[in-house]
Amino acid sequence: MKFAVVFAAVLAVALAAPADERDAQVLKFENDNLGVDGYNFQYETSNNINRAESAQLKSFGDDVAALVVRGSYSYTGPDGVVYTVNYVADENGFQPEAPHIPRL
């Protein structure tokens with residue numbers, strides 16, 4: 001299921017990209033499904049898009065548990081700069097961090 005979601009996301013990005021970006025190739029793809037305890041995956045494309053993510057099951061008390069997700073992604077913007085976003089998604093919500101993201 002997670003593979004299908006990742007594949008659909010990569011496909012959507014590829015279809016929305018300009019024609020030269022559509023020729024990008026997947027250079028690296030790793031996926032480790034750890035069952036109900038979590039997962040790890042990463043990929044790299046020929047047009048310099050990289051993503052890595054891992055999740056682990058965390059207990060929040062009696063019969064309450066959820067995945068805590070940590071990851072990052074990077075891409076080259078139209079200005080030629082490589083942008084990287086690191087993030088955590090846990091009981092406090094989605095928390096991205098990057099120099100180019102405004103802070104409240």
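Which residues does Val69 touch, not counting residues up to four places away in sequence?

1. Val69 touches Tyr39, Glu53, Ser54, Ala55, Tyr87, Val88 and Ala89 on that count, where contact means heavy atoms within 4.5 Å. A caveat before going on: this is a predicted model, where local features need pLDDT of at least 70 and side-chain atom pairs count only at pLDDT 80 or more, while totals for chains, interfaces and linings use all residues. Numbering runs from 1 along each chain as its sequence is written, and side-chain values use heavy atoms, with hydrogens and water left out.

2. Val69 also sits in the largest nonpolar core, together with Tyr39, Phe41, Tyr43, Ala55 and Tyr87. Such a core is a set of buried Ala, Val, Leu, Ile, Met, Phe, Trp, Tyr and Cys residues joined through side-chain atoms within 4.5 Å. Buried is under 20% relative accessible area, exposed over 50%, partly exposed in between (1.4 Å probe, protein chains only).

3. Now the rings: the whole structure has 5 aromatic pairs. Rings of Phe, Tyr and Trp (its six-membered ring) pair if their centres lie within 6.5 Å; planes under 30 degrees apart are stacked, over 60 edge-to-face, the rest tilted. Tyr39 and Phe41 are stacked because their planes are at 15°, with centres 6.1 Å apart. Tyr87 and Phe94 are tilted, at 5.5 Å centre to centre and 40° between the planes. Tyr87 is buried at 7%, whereas Phe94 is exposed at 53%.

4. Check the backbone too. Most residues other than glycine have a negative phi. Asn48 has a positive phi of about 70° and is partly exposed at 33%. Asp63 has a positive phi of about 55° and is exposed at 85%.
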